[in-house]
Amino acid sequence: MNEDKKDDRLTAGSLRVLSHPQDWHCAVFHSICVAAYACAFWLYLHPTVAHIAGPWSRAAFAVASAVVLGWISGIDVGVNFHNHSHRPIFTSHFLSRWFGRLWTVTGGWPSFFWEYCHVTVHHANLLSAEDWTLPKKNPDGSFENFQRYLFAHWPWRLTIHLWKALTARQSLRRRALRELGIFLMFWSIPFWIDPKMALLLWVLPHWIANAFVMNSGMYVQHSGCVEKTIVEPVRHSTVFVSKFFNLTMFNIGFHLEHHEYPRVHWSELPELHQRLKPVLVDGGAHVVPYGNYHAAYLLAGDDDRQKRFDEQDARYHK
Amino acid sequence: MIYVLCCQHLGGASQYGRRNQFSPGHSLLPDTAHSKKSVESVEKRRNIKRPTRGFLSSTALIFGRSFFPLFAVAIILGVIVWGPWISLAVTVVAIAATLRLL
């Protein structure tokens, strides 16, 4: 059998369940995240096994676990589920809907709410006054302070905006209530096991995921950018071309490309990036050689550090 | 400015479905009409081997893409072997390194 035919057959097999062969990676990623939570819970409930019988050692375990759990939950919802919200990973709508509902529980979100914020609000109104998912703007058009956005946005501002948006229409209100009920049913499980554990290894990671991973991601992806116009078509998002970052973050660094073509599969964004490269260079798109994390480090700093974020990747100068 | 770029085999770049109807402004790629045939072509072209496959097996790619969750599991389960303080120290170093380098 020749190699191509074999490849075709394998792909056809994968397509019965998964929409795209690479979507397997999304499910694996999410499964490991869930396993990480399960391990943390189990160790917390068996302190002698984990050498965390004392209060200080338990605190050290809780902090280390909450940080890494928050980190991966931020990626799992903010990037991995995000891709699913644009292109469901399963061919079955039922499977996609229920997998999605379970998916975002580990990030402290009802899936419908997250989808609404991202697709209906953010993508539809990118950088306009209606895009309340992004940081507020100063009179000069720049984003508000980085730290203020991180601490004020989730869940405080979001709750107010979502309340207004989702209670506006009866049909939307009914659906939002149903989805919230389903979410709370799953999200409350750790509280039934041990409320203290739930606060330390469930709520705290969700706060870290949203404030430090997802919010910082939103900030750096559009900081210094302008609304898309005919004159400036490629300055609405920053492109992060670090290979390791994109390998481990489902190519979310190709953010401009993603906003232009949200239906392009995440695994095909590097290819789209190569095709669009002349357009990006010509249009003066902001391209940086690192990923979101270093960008957050730069934008969280003083003026000198913030200016370093404005520097362009040498390979993308006009 | 006219951008002459082909969007074939990019997962249907101009195949906007319900979830894609909000892309504002004009498209950077031409808005070509996609027939059923072209969709099938897109599906077939997905199987074109990518250069990374030559270097990394698909299993290695899965591990690479799941790098952060695997790291988290190592930090959490590592507590059994080396205790919570080492896990905390490694976490702090990892965050510092990530903010500086990634």
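This is a predicted model: local features need pLDDT of at least 70, side-chain atom pairs count only at pLDDT 80 or more; totals for chains, interfaces and linings use all residues.
Two residues are in contact here if their C-beta atoms, placed from the backbone, lie within 7 Å. Take the contacts in chain B between residues at least 6 apart in sequence: 39% of them join residues at least 24 apart. Chain B has five helices and zero strands. Read from the N terminus, its elements run α-α-α-α-α. Of the 102 residues in chain B, 21% are buried.

Now look at two of those helices. Helix 4 of chain B covers residues 67-82, and its axis lies 7 Å from that of helix 5 of chain B, at an angle of about 140°. An angle over 145 degrees would count as roughly antiparallel, and one from 65 to 115 as roughly perpendicular; the rest of the range between them is oblique. Helix 4 of chain B is therefore oblique to helix 5 of chain B. Their crossing is right-handed. On the side of helix 4 of chain B, the contact is made by B:Ile75, B:Gly78, B:Val79 and B:Trp82. Helix 5 of chain B brings B:Pro84, B:Ile86, B:Ser87, B:Val90 and B:Thr91. By class, this contact of helix 4 with helix 5 of chain B has six nonpolar, three polar and no charged residues.

Helix 5 of chain B also leads across to chain A. There it packs with helix 13 of chain A at an angle of about 85°, with the axes 6 Å apart. The two helices are therefore roughly perpendicular to each other. Helix 13 of chain A contributes A:Tyr293, A:His294, A:Ala296 and A:Tyr297. These meet B:Thr98, B:Leu99, B:Arg100 and B:Leu101 in helix 5 of chain B. The residues of this contact between helix 13 of chain A and helix 5 of chain B divide into five nonpolar, two polar and one charged.

Stay with helix 13 of chain A. This helix spans residues 292-299 and is mostly covered, with eight of its eight residues buried. Among the buried residues are A:Asn292, A:Ala295, A:Leu298 and A:Leu299. What covers them? The cover includes helix 6, helix 9, strand 1, strand 2 and helix 14 of chain A, together with helix 5 of chain B.

Two members of that cover also meet each other. Helix 6 of chain A holds residues 146-166, and helix 9 of chain A holds residues 195-222. Their axes come within 9 Å and cross at roughly 120°. Helix 6 and helix 9 of chain A are therefore oblique to each other. Helix 6 of chain A passes helix 9 of chain A in a right-handed crossing. From helix 6 of chain A, the contact uses A:Phe146, A:Tyr149, A:Leu150, A:Phe151, A:His153 and A:Trp154. From helix 9 of chain A come A:Asn210, A:Ala211, A:Phe212, A:Asn215, A:Ser216 and A:Tyr219. By class, the contact of helix 6 with helix 9 of chain A has eight nonpolar, four polar and no charged residues.

Helix 6 of chain A has another detail. The peptide bond from A:Trp154 to A:Pro155 is cis, with omega near 0°. A:Pro155 is found in helix 6 of chain A.

Next comes helix 12 of chain A, residues 269-283. A kink of about 55° lies at A:Leu276, shortly before the proline A:Pro278. A:Leu276 is buried, as are A:Leu269, A:Leu272 and A:His273 of helix 12 of chain A. These buried residues pack against helix 11 of chain A. Just after helix 12 of chain A, A:Gly284 takes a positive phi of about 75°.

A:Leu280 is found in helix 12 of chain A as well. How exposed is A:Leu280, and what does it touch? A residue needs 20 or more other C-beta atoms within 10 Å to count as buried. A:Leu280 has 19, so it is partly exposed. Residues up to four places away in sequence aside, A:Leu280 touches A:Val234, A:Val239, A:Leu256, A:Ala285, A:Val287 and A:Tyr316.

A:His51 sits in the loop between helix 2 and helix 3 of chain A. Its phi is near 60°, a positive value in a residue other than glycine. A:His51 counts as partly exposed because it has 19 C-beta neighbours inside 10 Å. A:Leu127 is in the loop between helix 5 and helix 6 of chain A. Phi of A:Leu127 is also positive, near 65°. With 20 C-beta neighbours inside 10 Å, A:Leu127 counts as buried.

Terms used:
Residues are numbered from 1 along each chain as its sequence is written. Chains are lettered from A and ligands numbered from 1 in the order in which they are written. Axes are lines fitted to C-alpha atoms, for helices over the stretch in contact, and angles run from 0 to 180 degrees between N-to-C directions. Helices (H or I, at least four residues) and strands (E, at least two) are DSSP runs, numbered from the N terminus. Angles under 35 degrees count as roughly parallel, over 145 as roughly antiparallel, 65 to 115 as roughly perpendicular and the rest as oblique. A crossing is left-handed if the near helix is turned anticlockwise from the far one by less than a right angle, and right-handed if clockwise. Ala, Val, Leu, Ile, Met, Phe, Trp, Tyr, Cys and Pro count as nonpolar, Asp, Glu, Lys and Arg as charged, and the others, Gly among them, as polar. A residue is buried if 20 or more other C-beta atoms lie within 10 Å of its own, exposed if 12 or fewer, and partly exposed in between; C-beta atoms are placed from the backbone. The bend at a residue is the angle between axes fitted to the seven residues ending there and the seven starting there.
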